Amino acid sequence: MGKPQRQAALGILITVALVGSFVAMMAAVVMVSLPVFAYAAAVSYGADLLLHTAQSSTLDRLRDSRFGLTIRFLIRQFLLLALCGVMIDLDSFVVQMTAVGLLLLFVMQLVYGALLKRVRSERAALPFTTRGLDLEALGIRRLPHPFLTNKHVRKMLHLDVPLVAGAIGTIATDDWRYVSFGGIATVWLAFVAVLILLPGAKNALILPSPDEALDELNWQLGQYRPQVALYFTFAAVSRDFMYQVNMWLESLEALDLRPIIVLRERATLRYLDATSVPVICVPKAENLARVEMPELRVTLYPGNAGKNVHMLQRHEVKHVFIGHGDSDKLASSNRVSKVFDEIWVAGRAGRDRYERIKHAVSANQIVEVGRPQLMPLRRWTGSVNHETPTVIYAPTWEGWTDDACYTSVIPAGEQLIRMLLSHGRKLRIIYKPHPLTGTRSPAAAAAHRRIIALLREDNARRFGRKVTDSKVAARKLARIDKRLTALQERGVRSKYPDLSEEERTARIRKFRDQAGALYWDSLPVDAHHVVTERVPSLYDCFNHSDLLIGDMSSVVSDFVATRKPYAIFNLDGLPDAEFRNEQRTAYASYLLDRECNGLEEALTAMFSRDQDVMAPYREQLKEYLLGPDHPPSTVRFAEAANDLYRRGLEDFPIEYPRFAEVPDQPGRQSHQPA
């Protein structure tokens with residue numbers, strides 16, 4: 001059983017214990033049994049703690065079933081009062097003390113929650129958030145310590161434990177001191193929590209006005225003078241979509257121009273990778289319109305989104321669609337791209353794709369710049385590079401609708417894995433699905449889980465019930481992961497508050513390189529890999545594989561840079577010539593149908609260079625898809641940016657506003673337009 005299955009099973013067991021404990025507490029009230037109630041209450045507290053510690057998906061189901069955390073605590077407290085009522089006179093001291101204690105605790109919880117809500121709402125009202133710019137002049141204080149803010153509802157609710165334990169002790173012994181001391185402890189702890197939070201909350205509410213904040217941001221931008229921007233917005237913000245931005249960070253850093261990243265959703269800043277490039281996140285369009293970047297002449301867009309229009313309206317800027325990967329999907333030649341001044345594609349294939357939408361995009365809008373991200377890929381030597389030949393299966397996801405379902409996971413993924421596992425020659429499989437696989441289609445999610453189960457079962461068959469990790473490598477990976485987590489934290493919880501973003505980025509990338517190298521040592525050399533995390537990267541998986549099997553996606557286009565053999569699924573069953581003509585990335589591929597016919601030819605090409613009939617076509621396709629090797633794509637990308645910036649300056653020369661000094665601000669001279 002794999003780790004996800006074990007976690008799911010553990011979540012179910014804990015949930016059963018949790019629900020059972022509440023049923024037992026209800027039965028104890030009916031049976032008037034204090035011991036049963038006490039044991040059941042203890043189990044309910046323990047199960048709640050375990051459920052949250054394990055971060056089980058059951059938490060969402062309980063909340064959706066109106067049995068969330070707060071409701072569970074209220075039910076337990078109500079059942080305690082009910083037990084007091086049936087066992088002792090309702091006018092007794094223990095009932096009164098318990099009721100008063102719970103009421104005061106409730107008041108303290110309300111005050112605590114209201115303080116944090118006020119802090120968060122006021123901070124969210126700031127017109128922007130940023131990374132890599134010095135805005136200390138604004139005097140924005142840090143948020144209260146994470147211990148006081150993270151999971152505060154759960155922490156405050158658990159303060160009823162002394163009171164509940166004291167009430168049970170008093171009922172059992174008839175000693176008034178248990179409930180008295182328990183009630184005092186509960187109320188005192190809640191009161192102290194509010195007192196501790198109050199100064200931090202008060203400091204966090206000392207904020208500049210929106211006008212002051214924007215003036216300071218513009219002053220800082222005036223010092224930095226950005227020339228090129230990467231602009232990104234997406235409605236469904238999650239880590240899975242941020243690859244569209246993160247793939248361009250190193251290319252952006254390597255430009256000759258001064259870059260800046262402009263985001264529109266605050267949550268995207270959380271998932272943005274480490275970078276030395278300054279970042280501003282401006283959620284509201286009216287505030288973005290007030291952000292001044294007088295030298296900005298080029299803006300790059302990795303995605304098509306409605307809120308792109310808020311940046312596109314800057315007439316002095318040249319707007320460029322760079323996308324997030326070249327493929328033969330229709331999204332790679334979208335009619336909407338007409339709104340951009342230029343569309344940068346990897347090679348001639350990208351230019352040809354836009355011929356599908358004649359009269360929408362003109363030929364002079366297309367610029368071939370290569371794929372700078374592919375520089376780390378190692379070129380094929382003509383034979384397998386590993387003791388065990390390695391096949392990487394990297395399918396795309398199901399897409400937004402069933403009408404354009406490009407993934408092979410649903411119709412053929414499981415069959416493919418079974419055939420690879422039963423092959424006469426021992427193979428190693430790397431399964432690297434698209435990050436969004438299974439997010440829309442239950443069928444894709446189910447097939448994805450079955451593929452993972454097959455690989456884990458085969459690992460168990462090869463190496464015993466559990467694949468034996470390298471303990472030394474595992475310990476080193478754990479240490480690196482801990483360092484990475486610490487480096488990625490910013491603000492009050494950061495262990496490295498004085499690090500510049502350049503230093504932080506350099507350290508993070510160094511540790512990731514070390515983690516990638518150690519990852520492959522943490523399992524036996526011929527063990528299968530299911531790669532769904534950031535480490536190892538897709539390109540690292542390419543370098544450790546000898547054959548790619550995939551779908552119509554940019555993953556295949558990128559893999560062509562290695563010149564290694566690859567296979568693509570022809571899921572619609574088109575004639576080979578027609579399919580290759582429609583899908584240019586399939587020109588040099590081995591083709592598989594839904595039954596995986598054609599797999600043996602692809603595997604034979606991996607085993608024997610002499611029988612790799614598609615090798616010369618891959619050389620042709622590489623230049624067609626990704627452009628020539630010389631000059632390198634990093635140079636072509638930078639030259640395209642420089643050329644467009646120069647033309648932008650010719651069309652709109654820089655005009656700096658005149659500024660007058662305002663002497664009433666201490667510390668430094670602030671600048672306002674005259």
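In the predicted model, Thr-129 sits opposite Cys-281 in strand β4. Residues are numbered from 1 along each chain as its sequence is written, and side-chain values use heavy atoms, with hydrogens and water left out.

Overall, the protein has 26 helices and 16 strands. Of its 674 residues, 49% count as buried, where buried means under 20% relative accessible area, exposed over 50% and partly exposed in between (1.4 Å probe, protein chains only). The accessible surface comes to about 32600 Å², and 57% of that belongs to carbon and sulfur atoms; the areas come from the Shrake-Rupley method with a 1.4 Å probe, and for residues only the protein chains shown count as cover. Among contacts (heavy atoms within 4.5 Å) with a separation of 6 or more, 69% link residues 24 or more positions apart.

Back to the sheet. β1 and β4 run antiparallel and are joined by three bridges, and two strands pair if DSSP finds at least two bridges between them. Both belong to an open sheet of eight strands, in the order β1-β4-β3-β2-β5-β6-β7-β8, with mixed pairing. β1 (129–131) and β8 (366–368) stand at the edges with a single partner strand each, so one side of each has no neighbour in the sheet. From one strand to the next, the twist averages 25 degrees (axes are lines fitted to C-alpha atoms, for helices over the stretch in contact, and angles run from 0 to 180 degrees between N-to-C directions).

Towards the β8 end, things run parallel. β6 (residues 318–321) pairs with β7 in the parallel sense over two bridges, and Val-320 has Glu-342 in β7 as its bridge partner. Three bridges then join β7 to β8, again parallel, with Val-345 partnered by Glu-368 in β8. In a regular strand, side chains alternate between the two faces of the sheet. In β7 (residues 342–345), Glu-342 and Trp-344 point one way and Ile-343 and Val-345 the other, and all are buried.

Trp-344 also turns up in the largest nonpolar core, where, of 34 residues, Leu-230, Ile-261, Leu-263, Leu-272, Leu-300 and Trp-344 touch the most other members. Such a core is a set of buried Ala, Val, Leu, Ile, Met, Phe, Trp, Tyr and Cys residues joined through side-chain atoms within 4.5 Å. Elements supplying at least two residues each include β2 (228–232), β3 (259–263) and α26 (633–651), and α26 gives the largest share, six residues. A second, separate core of 32 residues includes Leu-62, Leu-69, Val-94 and Val-95.

Leu-626 is found in helix α25 (residues 615–626) and is buried, with a relative accessible area of 4%. Beyond its neighbours within four places in sequence, Leu-626 is in contact with residues including Ala-346, Gly-370 and Arg-636.

How values were computed:
Predicted model: local features only at pLDDT ≥ 70, side-chain atom pairs only at ≥ 80, totals over all residues. Helix = DSSP H or I, 4+ residues; strand = E, 2+ residues; numbered from the N terminus.
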